[in-house]
Amino acid sequence: MKHSMKRVFLPYLCLIALSAACSRTAPSQDNNSTTKPANSPATRTDDTQIQELQNQLAQIASAAKGKVGVAALVLETGDTVSLNPNDHFPMQSVYKLPIGMAVMKQVDAGKIKLDQKVRVTKDDFIGRASHSPIRDKYPNGTELTVNESMGWMLLESDGTASDVLMKLAGGAGAIQAYLTELGIKDMIVLDTEKAFAQDHSLQFRNWATPEAAVALLRALHERRGLSESSQVLVLKLMAESNTGPKRLKGLLPAGTVVAHKTGTSGTEKNGITAATNDIGIIALPNGRHVAIAVFVADSPADEATREGVIARIARAVWEKFAAG
């Protein structure tokens with residue numbers, strides 16, 4: 001099924017063309033691991049450089065004074081670097097990406113139509129303390145198409161849109177089944193935005209490892225389980241996202257295309273912020289793409305510092321892999 005779009009980012013049309021080259025499975029990693037394809041003619045030098053990058057990431061991460069997880073994978077070559085890649089981190093709104101992908105799979109199957117109307121009632125609204133432009137714009141409820149709801153969810157990170165689309169797709173169980181079908185084990189979707197907005201402890205039940213987040217991004221890049229038009233739509237919305245301009249995008253050169261999804265918790269009374277996250281696919285100037293996930297958890301640092309850690313990590317990864 002073709003989806004109507006006003007514009008498409010050309011780097012992601014290139015991404016689709018290159019996706020067939022990504023046939024290898026992402027390498028499994030232990031904490032603080034580095035990997036370089038064994039057949040590289042410059043393995044020793046590159047391994048040394050990647051080890052230096054990993055040390056740099058650890059130094060950058062220390063500013064958060066919490067727990068930081070990183071996984072980065074060059075999708076065309078398999079080059080990777082990581083920091084605590086198998087630790088569990090609360091996703092917060094990062095989990096809207098698998099919801100969106102699961103919805104689009106059902107669109108491809110004809111079970112859902114992009115132009116079908118979905119009723120959003122007051123009962124669907126998440127709490128006032130949580131982010132929902134739909135709730136604020138339509139206080140008495142509204143009807144939106146699936147396509148519009150996808151935009152609210154991925155462009156604006158609207159929690160109400162996320163819950164409505166999750167319900168439409170069959171609930172958390174259906175999203176988890178989709179992840180299982182993709183072979184992604186360490187990403188758990190259990191609760192709605194409305195639920196963990198009411199009980200902050202529930203946010204830890206929706207968790208992922210950085211490695212699993214990168215595996216999801218790789219599945220999107222390789223168009224596993226999605227049609228070409230569905231892949232392009234999801235990447236387009238991610239690339240145009242209004243959230244987190246100071247995270248993955250923050251220190252990258254102007255014009256760098258980043259298709260990403262953020263996630264953020266509130267800050268508790270003790271000054272600890274449970275989650276400041278960003279995951280995405282960065283288009284490199286050499287024509288390659290790096291899938292990257294950065295999770296900052298349990299940090300007492302202020303927002304500028306937490307976001308700065310993500311931005312500095314993304315810049316360091318970009319500098320290492322952009323020249324290759």
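The lining of the largest pocket splits into three nonpolar residues, 17 polar ones and five charged ones. Keep in mind that you're looking at a predicted model.

**The largest pocket**
- The volume of the largest pocket comes out at about 550 Å³.
- It's lined by 25 residues, and the ones closest to its centre are Gln 92, His 131, Thr 264, Ser 265 and Gly 266.
- Helix H8 (193-198) and strand E8 (258-264) each put at least two residues into the lining.
- H8 is the top contributor to that lining, with four residues.

**Gln 106 in helix H3**
- You'll find Gln 106 in helix H3, which covers residues 96-108.
- Gln 106 has a relative accessible area of 19%, so it counts as buried, the cut-off being under 20%.
- Setting aside neighbours within four places in sequence, Gln 106 is in contact with Lys 111, Ile 112, Leu 168 and Ala 169.

**Helix H10**
- Helix H10 takes in residues 228-239, twelve residues in total, and at 1.5 Å a residue it should span 16 Å.
- H10 is mostly covered, as eleven of its twelve residues are buried.
- Among the buried ones are Ser 229, Gln 231, Leu 233, Lys 236 and Met 238.

**Salt bridges**
- How many salt bridges does a search of the whole structure find? The search turns up ten.
- As background, side chains of opposite charge can pair when their charged atoms come close.
- Lys 236 pairs with Glu 240, with 3.4 Å between the closest N and O atoms, and both Lys 236 and Glu 240 are buried.
- Arg 247 forms a salt bridge with Glu 307, where the closest N and O atoms are 2.9 Å apart.
- That pair ties together distant parts of the chain: Arg 247 sits in the loop between H10 and E8, while Glu 307 belongs to helix H11 (residues 303-322), 60 residues apart.
- Are Arg 247 and Glu 307 buried or exposed? Both are buried.
- Arg 315 bridges to Glu 319, and the closest N and O atoms there are 2.9 Å apart.
- Arg 315 and Glu 319 are both in helix H11, four residues apart, or about one turn of the helix.
- An α-helix has 3.6 residues a turn, so residues three or four places apart point the same way.
- Arg 315 is partly exposed at 24% relative accessible area, and Glu 319 is partly exposed as well, at 43%.
- There's also a network of salt bridges that links Arg 128, Arg 135 and Asp 136.

**Ile 126 in a loop**
- Ile 126 is placed in the loop between strand E5 (117-120) and helix H4 (133-137).
- Why does Ile 126 count as buried? Its relative accessibility is 3%, and buried means under 20%.
- Ile 126 and Asp 158 are 32 residues apart along the chain, and their C-alpha atoms are separated by 9.3 Å.
- Not counting residues up to four places away in sequence, Ile 126 touches His 131, Ser 132, Arg 135, Gly 159, Thr 160, Asp 163, Glu 193 and Lys 194.
- One of those contacts, His 131, is also among the residues closest to the centre of the largest pocket.
- Another contact, Arg 135, is part of the salt-bridge network with Arg 128 and Asp 136.

Methods
Residues are numbered from 1 along each chain as its sequence is written. This is a predicted model: local features need pLDDT of at least 70, side-chain atom pairs count only at pLDDT 80 or more; totals for chains, interfaces and linings use all residues. Side-chain values use heavy atoms; hydrogens and water are left out. On a 1 Å grid over the protein atoms alone, a cavity is a set of points where a 1.4 Å probe fits but cannot get out, and a pocket is an open set with protein on both sides within 12 Å along at least five of seven lines; lining residues have an atom within 4 Å of a point. Grid points are joined across faces, edges and corners, and a volume is the space filled by probe spheres set on the points. Ala, Val, Leu, Ile, Met, Phe, Trp, Tyr, Cys and Pro count as nonpolar, Asp, Glu, Lys and Arg as charged, and the others, Gly among them, as polar. Buried means under 20% relative accessible area, exposed over 50%, partly exposed in between (1.4 Å probe, protein chains only). Contact means heavy atoms within 4.5 Å. The expected span of a helix is 1.5 Å times one less than its number of residues. A salt bridge is a side-chain nitrogen of Lys or Arg within 4 Å of a carboxyl oxygen of Asp or Glu.
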